[in-house]
Amino acid sequence: MSGNTLSVLGSDVKVGLADGTKIAYANLDYAASAPCLREVADVVGELLPLYASVHRGAGALSRLCTEKYELARSSVTAFLGCRADDEVVFTRNTTDALNLLAHAVPPGTVVVTFEGEHHANLLPWADVVRLPAPSSPEAAVSAVEAALSARTAGRPVLLAVTGASNVTGEVWPLAELAATAHRFGARIAVDAAQLAPHRRIDVAALGLDYVAFSGHKLYAPFGVGVLAGRADWLDSARPYLSGGGATAHVGDTDGDVHWAVGAARHEAGSPNVIGAVALAAACDALAAADLDALRADEDALTTRLHEGLAAIPAVRILGGGWPDRLGIVSFTVDGVETRTVSTRLAEEFGIGVRDGLFCAHPFTRRLLDQAGATAPTAVRASIGIGTTPEHIDRLITGIRTIASGEPLTPRAAARSRR
């Protein structure tokens, strides 16, 4: 994708093939981790010589880094369209953010979610009602309405859903789900790890209570994520981590501790300043971009990918029937193990994809059954800023070659057995 003026690092990287030649790398694994935006790398490079501890240092560089760290929080707040009294807590990633929320929900909270969730939003909850994966956006809203109407009043309820599937790319109807949740007195938390890099999220306008996402999927480096949302549950919970920075006062006797309120309550220890500043730079760059143009590019490439794969008789595409979807396509090739498919794409075509169950095991297994696939796992191709039509066409050529039964080259065969 052109990405307007946005560009990613690594677009000129060449990788070796099994025959000894080199080719420009075609990264089609954005759903796992996106490459770093050049704007992000520039900001990190500028900060590294000025790196210092934040919040408690009196030196000039400590004050500078403290300012940049808190400005990063403001950038994320603006990027998400948070309410004035929302908290933005920096975490390690989406999984860490959702585990923080699971730690902070009031005792007795019932969590309603779907089997189609990534494990990050499937496993942290203590008291959970897991609904079958819906067949359409309308079915998702109806299922939530039925589940919430059956709940006994008096217990807090949290609806925890994905913003977009990491297996099929299907985009969920967040505004409708939020309205339904609130009508029954429930709150809604959204795993936006896949959605945030592709669509603008407005927490206030959509009526979302909590949002979690990761920097490494948003064109920033690994090691930083965000939980953003309403303050009351977060300020009432014991700190996620106990330690320096999370306290307002520590007395001389055991248990004489007054915990901080606000984001600091759950950010004990020295924070990931570089990660926060990098994430903010990515948020700022995406906020300034023409997202309509980005989406048009992505939609065109996604259609090209779907149609190209669908034209190969041996390919079985998983799901993908919803009207709105991101550039994520999971599939199998009849008679070929998925690890062999991904290995051959890498070794013979210079393409990076993912194979497996994508940390969404129950959902992916169901989709494999629905597709009539004999393979126990799938291959996933996913796109983003930096993806080109040539990358898509190369993948389709590779899958067509693999599906035809043409044998693996000797060197690639040896590597696939490792």
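These notebook entries record what I looked up in a predicted model.

**Ground rules.** I numbered residues from 1 along each chain as its sequence is written, and side-chain values rest on heavy atoms, with hydrogens and water left out.

Entry 1: I took helices (H or I, at least four residues) and strands (E, at least two) as DSSP runs, numbered from the N terminus. I counted two strands as paired if DSSP finds at least two bridges between them. On that basis seven strands form an open sheet with mixed pairing, in the order 4-10-9-8-7-5-6. Strand 4 (87–91) and strand 6 (128–131) are the edge strands, each pairing on one side only. For angles I used axes fitted as lines to C-alpha atoms, for helices over the stretch in contact, with values from 0 to 180 degrees between N-to-C directions. The twist averages 15° from one strand to the next.

I then followed the pairings of strand 5 (110–114). Strand 5 joins strand 6 through four bridges, and the two run parallel; Val 111 stands opposite Val 128 in strand 6. Strand 5 also pairs with strand 7 in the parallel sense, over three bridges, where the bridge partner of Val 110 is Val 157. Strand 7 (residues 157–162) is in turn joined to strand 8 (residues 187–191) by five bridges, again running parallel.

**Entry 2: cover on strand 5.** I used buried for under 20% relative accessible area, exposed for over 50% and partly exposed for values in between (1.4 Å probe, protein chains only). Five of the five residues of strand 5 are buried. In a regular strand the side chains alternate between the two faces of the sheet. Here Val 110, Val 112 and Phe 114 point one way, whereas Val 111 and Thr 113 point the other way. Helix 4 (residues 137–149) lies across strand 5, strand 6 and strand 7, at about 155° to strand 5.

**Entry 3: Val 105.** I located Val 105 in the loop between helix 3 (94–104) and strand 5. Val 105 is buried, at a relative accessible area of 15%. Taking contact as heavy atoms within 4.5 Å, I found that Val 105 touches Trp 125, Leu 158 and Trp 233, not counting residues up to four places away in sequence. Its C-alpha atom is 9.3 Å from that of Val 157, which lies 52 residues away along the chain.

**Entry 4: Pro 197.** I placed Pro 197 in the loop between strand 8 and helix 6 (203–206). Pro 197 is buried, with a relative accessible area of 12%. Leaving out residues up to four places away in sequence, Pro 197 touches Ala 192, Lys 217, Leu 218 and Tyr 219. Pro 197 and Tyr 219 are 22 residues apart in sequence, and their C-alpha atoms are 7.8 Å apart.

**Entry 5: helix 1 against helix 8.** Two packed helices are described by the angle between their axes and the distance between the axes. For helix 1 (residues 38–47) and helix 8 (residues 273–288) I noted an angle of about 145° and axes 9 Å apart. The contact residues of helix 1 include Val 40, Val 43 and Leu 47, and those of helix 8 include Ile 274, Val 277 and Ala 281.

Entry 6: I traced an open sheet of four strands with antiparallel pairing, in the order 13-14-17-16. Strand 13 (315–317) and strand 16 (354–356) each have a single partner strand, so one side of each is left without a neighbour in the sheet. Ignoring direction, neighbouring strands of this sheet are turned by 30° against each other on average. Three bridges join strand 16 to strand 17 (residues 378–382), which run antiparallel, and Gly 356 has Ala 378 of strand 17 as its bridge partner. Helix 9 (residues 291–310) packs on this sheet, touching strand 13, strand 14 (328–333) and strand 17, and its direction makes about 10° with that of strand 14.

**Entry 7: helix 10.** Nine of the twelve residues of helix 10 are buried, so the helix is largely enclosed by the rest of the structure. The buried residues include Val 341, Arg 344, Leu 345 and Phe 349. Helix 10 is followed by Gly 350, whose phi is positive, near 65°.

Key
This is a predicted model: local features need pLDDT of at least 70, side-chain atom pairs count only at pLDDT 80 or more; totals for chains, interfaces and linings use all residues.
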